[in-house]
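Okay, everyone, thanks for coming. Today I want to walk you through some charge pairs, so let's get the model up on the screen.

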Amino acid sequence: MTAVVGEVGKARTRKEDARLITGRTRWTDNIVLPGMQHIAMVRSPYASAGITGIDTSAAKQMPGVVAVYTGADLDEEQSALPCAWPINADDTPPRHVSIATDTVRFAGEIVAIVVARSAVAARDAADAVEVDYDPREPVLDMEAALAEGSPKVHADMASNKWAFFPFDAAAAGSGANADEAIAAAENDPDQIIVKRRFRQQRLIPAFMEPRSVAVDPTGEQLTVWSSTQVPHVVRTMMAVTLGLSESKLRVIAPDVGGGFGGKLQLTPEEILTVLVARRLNKPVKWTETRSESLVSGHHGRDQIQDITIVAGRDGTFKALKAELIADMGAYFGLFTPAVPVFGCFIFPAIYKFPAYMFTCTDVMTNKTPTDAYRGAGRPEATFAVERIIDELAVELGREPLELREQNWIKHEEFPFTNAGGLTYDSGNYEAATAKAKELFDYDGLRAEQRRRREENDPVQLGIGISTFTEMCGLAPSRLLGALGAGAGGWEHASVRMLATGKVEVVTGSSPHGQGHETAWSQIAADQLGVAFEDVEVLHGDTQSSPKGLDTYGSRSLPVGGIALVKACEKVVAKAKRVAAHLLEASEDDIEFKAPRFSVRGTDAGVTIQDVAFATFTSHNFPEGMEPSLDSDATFDPENFSFPHGTHFCATEVDTETGRVTIRKYVCVDDIGNVINPLIVEGQVHGGLAQGIAQALYEGAAYDENGTLTTGTLADYLVPSAADLPSFDTDRTETPATTNPLGVKGVGEAGTIASTPAVVNSVLDAVRHFGVSDIEMPLTPMRVWSAVHSGQSGAGGVGSEAGGGLGSIDASGGAQ
């Protein structure tokens with residue numbers, strides 16, 4: 001056995017790569033069970049309608065069809081799907097059942113189920129189900145939905161306004177009242193007020209592997225395979241919803257092809273597949289088509305953001321006020337109301353705002369439900385803050401980077417409590433920015449920009465900046481409880497020391513492409529002094545890993561990874577006692593330097609592998625000690641972790657065509673200590689792609705009837721590698737002080753920071769044409785229209801003093 005230490009920090013290729021990259025692995029849709037039947041869903045084409053009749057007779061006669069079910073057939077067996085984070089405890093979420101019975105509230109809602117011997121037969125028969133609808137006027141616009149007299153999405157609700165969440169720093173004790181600061185500034189010539197309205201368009205997670213569920217109801221245990229990122233959450237919520245014993249329910253997430261928050265649900269399809277399997281007492285499987293995924297998997301973002309910033313004429317920030325309207329869609333998922341509110345606490349970002357206020361109005365519409373999408377609340381907040389600072393810089397005639405630097409929290413000021421009440425434990429914004437600025441050649445690009453403007457170059461150069469922090473390691477149970485969450489945020493790990501000296505690690509954190517098997521192996525190898533190759537990581541099965549809260553919110557490493565460290569420490573503590581016995585020494589004289597226990601001051605020693613074998617045989621073992629080195633641990637941190645970074649984007653904007661080309665993208669992120677640089681690099685690249693996609697390409701669009709017009713990947717423009725530049729990425733490392741590894745989390749950083757960097761860059765390129773805003777995605781049509789309108793005098797930079805927002809909402813189609 002070869003003991004290797006120093007694994008943490010090593011750029012290991014992933015253990016998972018061979019099977020994931022080649023696809024030679026077990027995706028849920030690959031699962032074939034004896035006698036398995038296949039399900040197809042019949043979905044409403046209407047956004048709002050009554051169901052007046054469903055004729056299943058033709059479908060039932062189709063070849064291979066086993067059964068057809070409607071909501072009436074299953075109504076007694078289904079109960080309302082849960083919302084785990086309603087924010088306001090007194091608010092009752094609108095009732096959401098898995099299959100509609102008399103009313104549909106978004107195009108894509110399930111109205112019938114076909115079961116057949118093959119997936120093709122099920123889909124063919126689904127087309128033969130005839131549903132009579134009584135179409136109604138859909139509610140699609142957020143502000144119109146809030147107007148008096150608007151049709152109601154849910155007839156039993158008083159209005160389409162579901163909830164209102166306010167946060168006042170003065171009331172919370174973390175700052176002053178923003179309204180009072182704004183009022184004081186209105187009559188103060190030494191202060192300036194800038195207001196802007198920003199639009200966070202609706203996005204679709206668009207994971208690579210479609211959702212899929214397979215259920216085996218035979219035997220003593222109901223087994224569910226699902227392409228989910230939260231098997232433990234699914235088990236608990238499914239047990240509650242269906243009245244099942246958790247011990248009789250096993251949920252397995254095999255290899256999962258991406259999630260981005262889009263698989264962070266207990267879905268209607270999971271519930272219905274279980275109901276059908278139980279009804280037939282046969283294994284069944286449902287796998288969605290790509291179009292089904294786009295129309296019925298939950299969407300993300302979709303906010304109207306009214307942002308007000310107050311500053312002194314010298315550039316010192318005085319106050320920030322954020323007023324959001326957030327589109328919930330037709331129903332709630334597990335975290336729907338929590339997503340916009342989660343951003344509340346991070347709106348002050350890395351800046352020192354003396355006064356701060358946040359409000360969020362949740363509104364119901366006849367659109368696909370929204371929920372978590374990569375970053376969940378934090379990209380929205382970072383976008384608004386980084387955009388409004390650029391607008392303020394224009395109003396003050398200041399260089400935008402210099403204005404940011406003036407108002408940062410300085411590195412010597414940590415720990416620092418922001419106006420939202422979060423206490424940042426560590427950070428160094430100066431160091432990250434200095435490194436990024438050098439890599440970017442900031443001064444050189446500014447000089448080129450001036451030259452192009454002087455020459456009236458048809459292709460203008462823009463420079464965008466985004467500095468950010470985020471709250472990662474979604475965990476502290478105490479804090480989550482205070483925010484109204486229905487569960488805690490701890491994570492669990494087990495370590496099993498085998499007789500051969502090899503190690504099994506069991507984690508409750510369930511990956512969907514993050515590289516857990518590799519990173520967890522590196523951690524365990526260093527903690528125990530075993531070879532990287534001798535560690536096997538088990539995950540994603542509630543039978544082998546009964547405890548866990550899964551993967552989302554960049555929590556796996558700062559929470560689940562620390563649980564692993566603590567489990568390893570318990571193994572070492574047990575092994576130390578055995579080593580002392582084997583070496584006939586006092587335990588106090590034993591020291592451990594992985595992988596060897598030795599008697600202090602002598603050459604006598606044994607390896608941890610020797611101890612493991614001695615424990616297995618138990619021939620010569622300490623009296624009264626159980627013959628096992630296995631240990632487990634649960635970790636619940638006291639605080640979030642706070643990665644940060646500085647991103648620079650240079651874009652070339654063709655003013656004659658509206659085409660935007662990213663000329664250069666540089667980011668320097670500080671995610672604390674790094675376990676595996678290769679995995680970090682991959683996570684950053686993927687995050688950048690998704691954030692840039694929001695800025696330039698992606699947007700879910702509905703027509704006036706509530707039909708999703710971006711229901712295929714020909715219409716919903718997920719960028720390919722050919723659409724993106726080569727990224728220049730680097731890091732600074734300011735270790736987190738809240739966990740022993742000093743890690744912070746990286747999965748969402750690129751997404752959070754890149755969207756405002758790109759948009760700020762494009763606006764910087766065309767602002768001299770009088771353009772101060774363009775609604776995302778910044779398609780060529782929208783950019784061209786903005787430049788054209790600006791040149792004709794329709795655009796222009798506005799301010800509170802001027803009373804105009806100066807933004808251009810150029811319609812003309814996102815796609």
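This is a predicted model: local features need pLDDT of at least 70, side-chain atom pairs count only at pLDDT 80 or more; totals for chains, interfaces and linings use all residues.

Residues are numbered from 1 along each chain as its sequence is written, and side-chain values use heavy atoms, with hydrogens and water left out.

How many does the structure hold? It's 52.

Take Arg767 and Glu391, whose side chains meet at 2.6 Å, N to O. Arg767 sits in the loop between α21 (749-766) and α22 (780-791), and Glu391 in helix α12 (residues 378-396), so this pair ties together parts 376 residues apart in sequence. Helices here are DSSP runs of H or I, at least four residues, strands are E runs of at least two, and both are numbered from the N terminus. Both Arg767 and Glu391 are buried. They also belong to a salt-bridge network with Arg196, Arg387, Glu395 and Asp773.

Next up, Glu652 and Arg452 form a salt bridge, with the closest N and O atoms 2.7 Å apart. Glu652 is in strand β26 (residues 644-654) and Arg452 in helix α15 (residues 442-454), 200 residues apart. Again, Glu652 and Arg452 are buried.

Last one: Lys574 bridges to Glu626 at 3.0 Å between the closest N and O atoms. Lys574 counts as partly exposed, at 21% relative accessibility, and so does Glu626, at 48%.

Definitions and conventions
A salt bridge is a side-chain nitrogen of Lys or Arg within 4 Å of a carboxyl oxygen of Asp or Glu. Buried means under 20% relative accessible area, exposed over 50%, partly exposed in between (1.4 Å probe, protein chains only).
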